[in-house]
Number of protein chains: 2
Amino acid sequence: MNQPTHITVPIIGHVHTPFVEKFGVPRQPNLVDVEGVIEFVPPYDQPAAFEGLEGFSHLWLIWQFHQNRELKSLTKPDDSSATKLAPTPESFRAQIRPPRLGGNEKIGVFASRSMYRPAPLGLSAVKLDRIEVVDGRVRLHIIGPDLVDGTPLIDLKPYIAYSDAISTAVSGFAVEAPEVHPVYWTRAALWQKHQLISLGVLSNHQLPLIEGLLALDPRPAYQDDALRDYGMSYDRVNVRFGVQSGEIWIKELTAR
Amino acid sequence: MNQPTHITVPIIGHVHTPFVEKFGVPRQPNLVDVEGVIEFVPPYDQPAAFEGLEGFSHLWLIWQFHQNRELKSLTKPDDSSATKLAPTPESFRAQIRPPRLGGNEKIGVFASRSMYRPAPLGLSAVKLDRIEVVDGRVRLHIIGPDLVDGTPLIDLKPYIAYSDAISTAVSGFAVEAPEVHPVYWTRAALWQKHQLISLGVLSNHQLPLIEGLLALDPRPAYQDDALRDYGMSYDRVNVRFGVQSGEIWIKELTAR
């Protein structure tokens, strides 16, 4: 008897976040109180499907690493079935270089949360802020997503504390939350910040979020170049910053 | 442009547990210290892919609800591609009756961990006991799986305490771990137990596990019939039991 080798799962919705690109996205969820909205594909958007969810404070999201380069190349643009192909056993790479280990040391892909894994699925616990119904369609407002804008959602489950929250768990090389660096603004960036706020491109409540994201030092760990500037996009702004002696300096803030 | 509506993910292995059938499987992982073994499909079984995993105490398993009745009917036995079809939007049912609510009250499928969901994926945190390599192939020994024997595994991730363990999470109707009932043996069952142990069908360390599973009262919540007996299979034995005034009575123990 032929054993199935793959399963096909539907995309039930998309997660909208202020993360325009992968650079700047925290490496794990809930490190910064970034806001996101989940919009569902019909028929998964009907309010009845969410009845009872309001009693839960947190959710699990199972989502697709859709910005995975290998997967992109596997997607045929003329594919009328519009189904992404799965990575093949032939393309399997057993080891990856996690950014937390400086990008030099290799570890097994199953010892990591890397996107380059057989099933390109991510797993994130986020806070449920509120459930909104617009024109009969559900929109979930969430806090803390570590996802790029437009990420396809595969499943959504309530977080059940008594089985999911294992506070005694030992977590190998990723045991500690990442270091938080001090963030400073140059005079020029401060002035641009005020301009963008008065123009309505940036809002005041986004400032601590942008600072919080930069405080995690979004650079790959193997890049520690005090002379180099880096760019991060967040919602409607571009941020240019540098890092010197562990301090993050915001140098420029412009509209995207 | 056509948006993809589905993704295809590989089955990377299978989880072997003493749970011959769904009846008796705890409703969440880690309630009973049942042992399981994960065997991987090549090339996902190579030791390099697991390097570094030994530093983690717990794992996330993302697995397929393969005993889902609807999915079974969607699998064509003559399908040479051996790929299971995904549930269609047309077959989507927005609400389910969770056993914890007595089987009468309905809630939204996304407020539950029910198997009858768009993507038939389960999520379980289990303890990593040890990593074994047999003939160059990895076998993971785990503790606490809430899975039927042979469950297809889709992904395996390390449990990262600082982002996954949200001890303050509020969990709606499932906030408390299930009640633990006292378990008693009838004289006949005690005698059969000794027989089966001396025959080597049952081992002493399995006894507290069988008692632990029965203590969770595996019956559907809407069946509270003191006159009725129930059967549960565990590894190589069948257990017949009844429930009276909240007490579990083991009445018969036979070899499967």
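Let me start with a cut-off. A residue is buried if 20 or more other C-beta atoms lie within 10 Å of its own, and exposed if 12 or fewer do. Keep that in mind. One more point before we go in: this is a predicted model.

Start with B:Asp217. This residue has 20 other C-beta atoms within 10 Å, so B:Asp217 counts as buried. Where does B:Asp217 sit? In the loop between α4 (207-215) and β11 (230-234) of chain B. Its backbone also deserves a look. Phi of B:Asp217 is positive, near 55 degrees, and the residue is not a glycine.

Now take B:Asp135. Here too phi is positive, about 55 degrees, in a residue that is not a glycine. B:Asp135 is in the loop between β7 (121-134) and β8 (137-143) of chain B. Is B:Asp135 buried or exposed? Exposed, because B:Asp135 has 5 C-beta neighbours inside 10 Å.

Next, the prolines. In chain A, the peptide bond from A:Pro42 to A:Pro43 is cis, with omega near 5 degrees. A:Pro43 lies in the loop between β3 (35-40) and β4 (58-64) of chain A. Chain B has a cis bond as well, joining B:Pro42 and B:Pro43, with omega about 5 degrees. B:Pro43 is placed in the loop between β3 (35-40) and β4 (58-64) of chain B.

On to the contact between the chains. How many residues does each chain give? Chain A gives 73 residues, and chain B gives 73 residues. On the chain A side, several elements supply at least two residues each, including β1 (6-10), β8 (121-134) and β10 (151-158). By class, that side has 45 nonpolar, 20 polar and eight charged residues.

Strands meet across the two chains. β1(A) pairs with β1 (residues 6-10) of chain B, antiparallel, over five bridges. A:His6 stands opposite B:Pro10 in β1(B). As a reminder, strands of a sheet pair through backbone hydrogen bonds.

Last stop: a sheet in chain B. Four strands form an open, mixed sheet in the order β10-β13-β12-β11. Its edge strands are β10 (183-185) and β11 of chain B, each pairing on one side only. The twist averages 35 degrees from one strand to the next. Inside chain B, β12 (residues 237-244) and β13 (residues 247-255) run antiparallel, joined by eight bridges. B:Val237 stands opposite B:Ala255 in β13(B).

And what lies across β10, β12 and β13 of chain B? Helix α3 (residues 187-199) of chain B does, running at about 40 degrees to β13(B).

Notes
Residues numbered from 1 in each chain as written. Chains lettered and ligands numbered in written order. Predicted model: local features only at pLDDT ≥ 70, side-chain atom pairs only at ≥ 80, totals over all residues. Contact = placed C-beta atoms within 7 Å. Nonpolar A, V, L, I, M, F, W, Y, C, P; charged D, E, K, R; others polar. Pairing = 2+ DSSP bridges. Axes fitted to C-alpha atoms, helices over the stretch in contact; angles between N-to-C directions.
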